[in-house]
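Subject: Handover of a structure and its findings

Dear colleague,

Please find the structure for your review below.

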Amino acid sequence: MTTSSMTTTATGTTVGNGSSLNGGLHLNIPKSPNGSALDLRRGAFRRTYSSNSIKKKSIEVTPSSFVKIRLLGKGDVGKVYLVRQKDTDRLYAMKVLSKKEMIKRNKIKRAFAEQEILATSNHPFIVTLYHSFQSEDYLYLCMEYCMGGEFFRALQTRPGKYLQEEDAKFYAAEVIAALEYLHLMGFIYRDLKPENILLHQSGHIMLTDFDLSKQSSPAGEPTVVKSGSPSMPPAIDTKSCIANLRTNSFVGTEEYIAPEVIKGCGHTSAVDWWTLGILMYEMLFGVTPFKGKDRNATFQSILHTDVQFPDHPGAQPISSLCKSVIRKLLIKDDQLRLGSKAGASDVKSHPFFKTTNWALLRHLPPPIIPQPSFGADAINFRQMHESVSLDIEGEELVHQHPGAKNLFANFSSVTLHHDGDDDL
Ligand SMILES: Nc1ncnc2c1ncn2[C@@H]1O[C@H](COP(=O)(O)OP(=O)(O)OP(=O)(O)O)[C@@H](O)[C@H]1O
């Protein structure tokens, strides 16, 4: 699909004549703390965020271009490693998917979907893909390394395992911006949960794990809707981009599954607004709202119980606007749910987010700043591990499944150049 001709620099400055994901505002370039305009010559500030700024090139790397540093995480059919590219010394997160496991578990389509979404997305809150390629036995997705790890872990380390309302609002706003972009691109995310939100070194969030996402093809054209309030500019209707996509597959994580998914009567992008409601609740109270003693009890509660807010002594008190937005996101009927009319614009214009500066989200100081670790001192780490470095493929070798070659023939092997990266 074509996105608008808008280009947003990493400073959040909007140039061009399209409508902005940040609300259509054209902004002044923010000043640095000493008052001077931020240095746009530095690559970090020249990076642009529009699909047009990604250039696909034929693949420039192979598995042996990388050295494995450590395991970052494990999924169903693959592992994610922190790796270093030998000739540039840059660190990446490399997802290595076993073809054999994918065939066994019938997950080939999911890997293709994930590659497609990552390769076409270019947004500050969505993990960046740099290379995708394959060997006889594996598919590789080489992504930006999020040094802060899983948001879920960060949440676990907070006193009481929950966040203050203002902090939860900050993360919710970043998630909404990412979902808005995905919906504009014609994707439903379907797997929002704290484990799939990573923290960038800066403390801003990055969505990852797109293997459950679904694309409407072709994506619909976004339309403009009048906002409810005279003080708000017209907004983009992201719902129209996926209006033709209704899917029946039963996916998601138990406590985050929307009622329409349990019922199996087809679901739309409204599932992402439901999961946002669960996520906000979990950020604020450290538990999800419908958890039962077993899966069946959880599903019954999702289908039939209204959301309750803890009122026992010691429970975090939250504002009535916050309760209101969560209640509206957790409306069982997906056609009445907040977000079901005009998508993200509905959610963004709820009074709870009145104080949110959508245009400058990525310049606001995040509530949690990850402590520098491997990512920050890559050179030292590299020297430490040089003697035990292994090519990724060397350690992972298994026999190729018969016929695997054809099944994966269409997996794109590409290197993606993002404007501004050359200077990084
Ligand atoms: N870009 C990244 N930077 C840092 N860590 C990452 C990155 N991507 C993934 N991880 C880590 O690896 C874990 C597994 O990644 P991911 O969920 O994408 O894998 P998966 O195989 O698709 O898992 P699932 O079975 O849940 O679909 C994440 O939860 C996270 O801890």
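**Salt bridges**

Arg105 counts as partly exposed because its relative accessibility is 40% (buried means under 20% relative accessible area, exposed over 50%, and partly exposed in between, with a 1.4 Å probe and protein chains only). The side chain of Arg105 meets that of Glu101 in a salt bridge, at 3.0 Å from N to O (a salt bridge is a side-chain nitrogen of Lys or Arg within 4 Å of a carboxyl oxygen of Asp or Glu).

Before going further, please note that this is a predicted model, in which local features need pLDDT of at least 70, side-chain atom pairs count only at pLDDT 80 or more, and totals for chains, interfaces and linings use all residues. Residues are numbered from 1 along each chain as its sequence is written, and side-chain values use heavy atoms, with hydrogens and water left out.

Glu101 also forms a salt bridge with Lys104, at 3.2 Å from N to O. These two residues are three apart in helix H2 (residues 99–104), and are therefore separated by about one helical turn; helices (H or I, at least four residues) and strands (E, at least two) are DSSP runs, numbered from the N terminus. Glu101 is buried, with a relative accessible area of 18%, whereas Lys104 is exposed at 61%.

A further salt bridge joins Lys348 to Glu180, with the closest N and O atoms 3.1 Å apart. Lys348 belongs to helix H10 and Glu180 to helix H5, so the pair ties together parts that are 168 residues apart in sequence. Both Lys348 and Glu180 are buried. Across the whole structure, the search finds 11 salt bridges.

**The chain as a whole**

The protein chain has 13 helices and 15 strands. Of its 424 residues, 54% are buried. Its accessible surface comes to about 19300 Å², and carbon and sulfur atoms account for 52% of this; accessible areas come from the Shrake-Rupley method with a 1.4 Å probe, and for residues only the protein chains shown count as cover. Among contacts between residues at least 6 apart in sequence, 70% join residues at least 24 apart (contact means heavy atoms within 4.5 Å).

The chain is divided into domain 1 (53–146 + 374–418) and domain 2 (150–363), with bounds that come from an automatic or database domain assignment. The contact takes 17 residues from domain 1 and 24 residues from domain 2. The area buried between the two domains is about 1900 Å², of which carbon and sulfur atoms give 67%; buried area is the accessible area (1.4 Å probe) that two parts lose on being put together, summed over both. Ile117, Phe125 and Cys146 supply 37% of the area that domain 1 buries against domain 2, more than any other three residues.

How many salt bridges are counted between domain 1 and domain 2? The count is one. Lys95 forms a salt bridge with Asp209, their closest N and O atoms being 3.8 Å apart. Lys95 and Asp209 are also linked with Glu114 in a network of salt bridges.

**Strand S6 and its partners**

All eight residues of strand S6 (residues 91–98) are buried, so the strand is largely enclosed by the rest of the structure. Leu91, Ala93, Lys95 and Leu97 lie on one side, and Tyr92, Met94, Val96 and Ser98 on the other. S6 pairs with strand S5 (residues 78–85) in the antiparallel sense over seven bridges; two strands pair if DSSP finds at least two bridges between them. In this pairing, Gly78 stands opposite Leu97. The hairpin of S5 and S6 has five residues between the strands, and Asp89 there takes a positive phi near 65 degrees. S6 is also joined by seven bridges to strand S8 (residues 138–144), again antiparallel, with Ser98 opposite Tyr138.

Val414 in S15 is the bridge partner of Ser132.

Ser320 lies in helix H9 (residues 320–329) and is exposed, with a relative accessible area of 59%. By contrast, Cys322, Ser324, Val325, Ile326 and Leu329 of H9 are buried. Their cover includes helix H5 (165–184), helix H7 (270–285) and helix H10 (344–348).

Yours sincerely
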